Amino acid sequence: MRISEVRVIVTCPAGQTFTLVKILTDAGVYGVGEGTKNGRELGVAALLEHHIAPTLIGRDPGAIEDIWKFLYKGTYWRGGPIQNSALAAIDMALWDIKGKVAGMPVYSLLGGPTRRGLLTYTHIHGDSFADVAEKVLQQKAAGYKVIRAQVQVPGAPGVYGAEDANDPAYQQARNARLPYEGAWEPEPYLQIVPQLFAYLREKVGWDVRLFHDAHGRLTPIEAARLAKDLEPYKLLYLEDPIGPEYAPSMCRVRQASTTPLAIGEIISSKYEILPMIIEQTIDYMRCSPIHICTVREPAGGAVIYG
Ligand SMILES: [Mg+2]
C-alpha cells in the first residue's frame with residue numbers, strides 16, 4: 001500500500017476553524033488527521049500543502065515512526081508550534097489508516113483502554129465576583145465537578161480569558177478575526193484573583209473543584225506570589241502561571257506554595273515539558289496532543305491529564 005494523495009482541508013463550521021488532512025492510498029483506504037493551531041490555522045495548512053504533502057506521495061503509510069522521524073528530523077528546522085501541529089495531523093491520519101487496515105480502533109493498537117471515563121471541566125468567566133459565583137453554581141448544578149473561573153480585572157477589560165463581550169473593540173476584533181488588544185497590569189490582577197476565590201469559597205462551598213488560568217502572563221516571582229496567595233482556597237491547580245520563556249524558573253513557583261501547578265497551551269513540544277515532569281515542578285500536563293506533536297493521548301477537548 002502506498003500514499004497516493006494528501007489533501008489539506010480548512011473548514012469553519014459554527015465559527016470554529018479546523019485544519020485537517022486527508023491521506024489517501026492506492027488501496028482505497030484513507031485516514032483523517034487534525035492539525036488545528038488556534039489562530040494559525042492557515043500557517044499549518046500552508047506547511048502541510050507546500051512542504052509536507054509532496055514528500056509523502058509513494059511512501060508506505062504503515063511506516064508511521066519512520067515518516068514522523070523523516071518529517072521531524074529531516075527538515076533543517078525542527079519543532080515549533082506550526083510544524084508540530086502539522087506533523088500531528090499526519091501522524092493521526094496514518095494511525096487512522098493503520099486502524100482501518102487492522103480492523104481495530106487505534107486505542108487498541110496503542111495498548112487498549114485503561115479508563116472508564118475522564119474528568120472534564122467547564123470554563124466560566126464573569127464581569128464581577130457575583131456574576132462568576134452565579135455561573136459556577138449553574139455549572140455545578142449541571143453536574144460539573146471541576147470549573148475554571150476567571151474574572152475581569154478592573155482597568156484591564158481586554159485580559160484574555162475574561163474579556164468584556166460588550167466592549168465594541170472586542171466585537172470588532174472578533175469579527176475581523178484579529179487579536180483583541182487590551183490593557184495588562186499585573187498588580188490589580190494579583191490582588192483580584194485571590195479575592196475572587198475567597199468570595200467563591202464563601203458562595204459556592206467546597207464540594208466543587210475550582211481552578212484558574214494565568215495564561216502565561218506572570219513573571220516567576222509574580223506567579224510565586226499568586227500561587228502562595230491562592231493556597232487557602234485549595235485550587236485543583238493554577239494553570240500556565242508563567243510563560244515558556246521562563247520555563248526553567250518553574251521551580252521558583254513550585255517552592256513558593258503547595259498550590260498544584262499545570263502547564264498547558266504555552267508548551268508546543270513534548271521535549272519542552274519533559275524537564276518539568278522529571279523535576280516534578282508541575283502536577284498536570286494540559287497540552288493539546290496536537291500541539292506537542294503526538295497522537296498517543298486523546299486529541300482535543302477540555303480533558304484534564306493528571
Ligand atoms: Mg490555558
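**Figure 1. Helix α1 bends at Leu48**. The bend is about 40°, taken as the angle between axes fitted to the seven residues ending at a residue and the seven starting there. This is a predicted model, in which local features need pLDDT of at least 70 and side-chain atom pairs count only at pLDDT 80 or more, while totals for chains, interfaces and linings use all residues. Residues are numbered from 1 along each chain as its sequence is written. Helices (H or I, at least four residues) and strands (E, at least two) are DSSP runs, numbered from the N terminus. Helix α1 covers residues 41–56, and its end C-alpha atoms are 21 Å apart, which agrees with the 22 Å that its 16 residues should span at 1.5 Å a residue. The expected span is 1.5 Å times one less than the number of residues. Just after α1, Gly58 has a positive phi of about 90°.

**Figure 2. The buried residues of α1 and what covers them**. A residue is buried if 20 or more other C-beta atoms lie within 10 Å of its own, exposed if 12 or fewer, and partly exposed in between, with C-beta atoms placed from the backbone. In α1 the buried residues are Glu41, Val44, Ala45, Leu47, Leu48, Ile52 and Leu56. Their cover includes the strands β1 (3–11) and β2 (18–25) and the helices α2 (64–73) and α3 (81–102).

**Figure 3. Val32 in strand β3**. Strand β3 runs over residues 30–34. Is Val32 buried or partly exposed? Val32 is partly exposed, because 15 other C-beta atoms lie within 10 Å. Two residues are in contact if their C-beta atoms, placed from the backbone, lie within 7 Å. Not counting residues up to four places away in sequence, Val32 touches Leu20, Lys22, Ala93 and Asp96. Asp91 is 59 residues from Val32 along the chain, and their C-alpha atoms are separated by 9.5 Å.

**Figure 4. Thr122 in strand β4**. Thr122 counts as partly exposed because it has 17 C-beta neighbours inside 10 Å. Its contacts, leaving out residues up to four places away in sequence, are Gln139, Tyr144 and Ile147. Thr122 and Val32 are 90 residues apart in sequence, and their C-alpha atoms are 28 Å apart in space.

**Figure 5. An open sheet of six strands**. In which order do the strands of this sheet lie? The order is β4-β5-β6-β7-β8-β9, and the pairing is parallel. The edge strands, β4 and β9 (284–285), each pair on one side only. Two strands pair if DSSP finds at least two bridges between them. Strands of a sheet pair through backbone hydrogen bonds, either parallel or antiparallel.

**Figure 6. Strand β5 and its partners β4 and β6**. Strand β4 (residues 122–126) and β5 are joined by five bridges, and β5 and β6 by three. Ile124 has Ala149 in β5 as its bridge partner, and Arg148 stands opposite Phe211 in β6. Strand β5 is mostly covered, with five of its six residues buried.

**Figure 7. Strand β6 beside β7**. These two strands pair in the parallel sense over two bridges, with β7 made of residues 238–239. Asp213 stands opposite Glu239 in β7. Four of the five residues of β6 are buried, so β6 is largely enclosed by the rest of the structure.

**Figure 8. The largest nonpolar core**. A nonpolar core is a set of buried Ala, Val, Leu, Ile, Met, Phe, Trp, Tyr and Cys residues joined through C-beta atoms within 7 Å. Which members of this core touch the most others? Among its 40 residues, they are Leu200 and Leu238. The largest share, six residues, comes from α7. Leaving aside neighbours within four places in sequence, the contacts of Leu238 include Phe211, Leu226, Leu230 and Leu261. A second, separate core has 25 residues, among them Leu20, Ala45, Leu48 and Met92.

Figure 9. pLDDT is the predictor's confidence in each residue, from 0 to 100. The chain has a mean pLDDT of 89, and 93% of its residues reach 70 or more. Over residues 295–306 the pLDDT is below 50, and this stretch has 26 contacts in the model beyond near neighbours in sequence. Where pLDDT is low, the predicted coordinates should not be read in detail.
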